[in-house]
Amino acid sequence: DGCGHTVLGPESGTLASINYPRTSPNSTVCEWEIRVKPGQRVQLKFGDFDIDDSDSCHSSYLRVHNGIGPNRTEIGKYCGFGFQMDGLITSKSNEVTVQFMSGIHTSGRGFLAAYSTTDKSDLITCLDNASHFSEPEFNKYCPAGCVIPFADVSGTIPHGYRDSSSLCMAGVHAGVVSNTLGGQINVVISKGIPYYEGSLANNVTSEVGPLSTSLFTFKTSGCYGTLGMESGVIPDSHITSSSILEWPNQTGQVNIWKPENARLKRIGPPWAAFISDEHQWLQIDLNKEKKITGIITTGSTLAEHYYYVSAYKILYSDDAQKWTVYREPGMDKDKIFQGNTELYQEVRNNFIPPIIARFFRINPVKWHQKIAMKVELLGCQFSIGRAPKITLPPPPQNKNDEKSADFVDDFIHSVKTSLQTDKTTFTPEIKNTTVTPSVTKDVALAAVLVPVLVMVFTTLILILVCAWHWRNRKKKTEGTYDLPYWDRAGWWKGMKQFLPTKSAEHEETPVRYSSSEISHLRPREVPTMLQTESAEYAQPLVGGIVGTLHQRSTFKPEEGKEASYADLDPYNSPIQEVYHAYAEPLPVTGPEYATPIIMDMSSHPSTPLGAPSISTFKAAGNQAPPLVGTCNKLLSRTDSASSAQALYDIPKGQLGPGSADQLVYQVPQSVAHPAGSKDE
């Protein structure tokens, strides 16, 4: 009478003391006899151990034996509060006896243990949760019997389960492992979510859970897609039933709850049987053989008709004539699946192992008021690979034909079995799974396309950046308001200094006229001569000898012999001070080069060529002599080749034309008086 929760599977199981995790009653005893396949051994792992040790394991203890019956041998005797047992207890044979004795005590939860065959090296118990493991991904083996009332589960697939949930119980809820068989789970840890939904699946109720730091999901085969009830892929003609409920409503209109109404999430009434008994069924033709891994059901979904199926059996067939009732492996009873507990909630049940069939039938065994339901099937496509050509080996060399025939039959049966094992599956669109199935072709294509696209976009970005950078540098070099370098006036002149020296006849020299040259010219030839070649560059306002010009100077360099500014005086003025022949440079805000001054003497009265010419600038410090003649007009030529007249002040006196006196003009107002000039 001391046995608690117990599930003994063929390869694994779970056992616990009575009333666990509460205190076990006094003076109770229980023995578990565990057998696995011959040739294998048993390993035992404790998830919790809390047995009173006040009398040194005399009246309260747990004892493990090798073997069963009177010939068994003791492996160990254990007791203690909060006893921590490291490692596993391993038997020497395929049989083990576990004995629990509870004497007089006041406390102690008892124990919970799990067992499996020794080839399951990663065995865990039903009490282990994700927080017990630090790896982001790991594989563990869950024993059978982990649907226990004292373990908690929060969450559902595909969103994931709260990290405080029991790993194995969540695996049963997700349909990854069977409660009666156990199995391997592949767990992936990820960041938690603020809210965990609750649901009912595989006889496990998942509760709503609050925020957690992490959650876990399971890697699966991916064969959990819908098979066409909700979407309409399965036609109405392929959905049949044992009977149909027909009844008139208050207005006299007849309502027919046909089998094609049994589509999950379809608005309107469900399918309902005319008679509610255990002989009713709903049948679905999948058109061809498919792999069926689960089923989802709801009730009528109509508040005024509170009908639903609370338990049912599953039958399947390949020809709709011979039907097989679904049973779990190793069980001799038909499995009864838990159905709905109310008319709205979706309840899922998974088939482990999956069903491979074309025809699928649901047989309700329990219901509320009337048999009514909506259904969706889960699974994936299933096809048989091309069978290889069978080559029979030569029969044994004997005269017994019957033995030879038996040998051939056995060989063909073995080949059929291998073909059945080699069946392949094709995964459809997945809607209800924890991990997306891997598709090799898509991954290979993505592995090629993604790097190529990245390289193309990177190259385009680099080209745009370089073009933008080059444009900015070009703008900085030219200046915001400057013309491009090739559009500037005189760009060829600036390039001449980098070229080899040209011949003398092609050289450009500043305009120089001496009094002797002018004296040999007629009056009309003087302005023509003066306008023949105008200097493009202004000379600096300095006296003395012209020095070497720097590369960035704004004045045109002198070529050939370096001459003093005295030679530049076109009128052979007796004044000893040296003046330049060009106007002084313009301000900084003006053009880059000063505008040369061209003197137009066509309007000047003709005078004897022998008369001495006087500088056009007034000598400083002396009174200007009486003005003879009229004023000259100065023509200024700009860079744009437009001419304008620059006027000097009116002469201080008017003399008749042809006077031999010197003509003295005032200095233009825009030019300052030279500091050292004087009259002679």
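Colleague: In this predicted model, does Cys380 count as buried or exposed?
Modeller: A residue is called buried when its relative accessible area is under 20%. The relative accessibility of Cys380 is 1%. Because that value lies under the cut-off, Cys380 counts as buried.

Colleague: Which residue is the disulfide partner of Cys380?
Modeller: The sulfur atom of Cys380 has a cysteine sulfur atom 2.0 Å away. A pair of cysteine sulfur atoms within 2.5 Å is taken as a disulfide. The partner that forms this disulfide with Cys380 is Cys223.

Colleague: How many residues apart in sequence are the parts that the pair of Cys223 and Cys380 ties together?
Modeller: The two cysteines form a disulfide. Cys223 is placed in the loop between β16 (214-218) and β17 (225-226), while Cys380 belongs to strand β27 (residues 372-383). The pair therefore ties together parts of the sequence whose separation, in residues, is 157.

Colleague: Is the disulfide of Cys223 and Cys380 right-handed or left-handed?
Modeller: The torsion about the S-S bond of Cys223 and Cys380 decides the matter. It is about -95 degrees, so the disulfide is left-handed.

Colleague: How many disulfides does the structure hold?
Modeller: Bonded cysteines can be counted along the chain, and their pairing then reads 1-2, 3-4, 5-7, 6-8, 9-10. The number of disulfides held by the structure is 5.

Colleague: Which strands hold Cys3 and Cys30?
Modeller: Cys3 and Cys30 form a disulfide with sulfur atoms 1.5 Å apart. The pair links distant parts of the chain, 27 residues apart. Cys3 lies in the strand of residues 3-8 and Cys30 in that of residues 28-35, namely β1 and β3.

Colleague: What is the torsion about the S-S bond of Cys57 and Cys79?
Modeller: Cys57 and Cys79 form a disulfide, with 1.6 Å between their sulfur atoms. Both Cys57 and Cys79 are buried. Their disulfide is left-handed because the torsion is about -85 degrees.

Colleague: How many of the 8 residues of helix α1 are buried?
Modeller: Helix α1 covers residues 167-174 and is largely enclosed by the rest of the structure. Among its buried residues are Leu167, Met169, Val172 and His173. Of the 8 residues in α1, the number buried is 8.

Colleague: Which residue follows α1?
Modeller: The residue in question has a positive phi, near 85 degrees. The residue that follows α1 is Gly175.

Colleague: The backbone nitrogen of which residue lies 2.9 Å from a polar atom of the side chain of Asp50?
Modeller: Asp50 is part of strand β4 and is buried, with a relative accessible area of 9%. Beyond four places away in sequence, Asp50 touches Gly80, Phe81, Gly82, Gly108, Arg109 and Gly110. The backbone nitrogen lying 2.9 Å from a polar atom of the Asp50 side chain belongs to Arg109.

How values were computed. Residues numbered from 1 in each chain as written. Predicted model: local features only at pLDDT ≥ 70, side-chain atom pairs only at ≥ 80, totals over all residues. Heavy atoms only, no water. Helix = DSSP H or I, 4+ residues; strand = E, 2+ residues; numbered from the N terminus. Buried < 20%, exposed > 50% of the residue type's maximum accessible area, 1.4 Å probe, protein only. Polar contact = N/O pair within 3.5 Å; in protein donor to acceptor, adjacent residues only side chain to side chain. Contact = heavy atoms within 4.5 Å.
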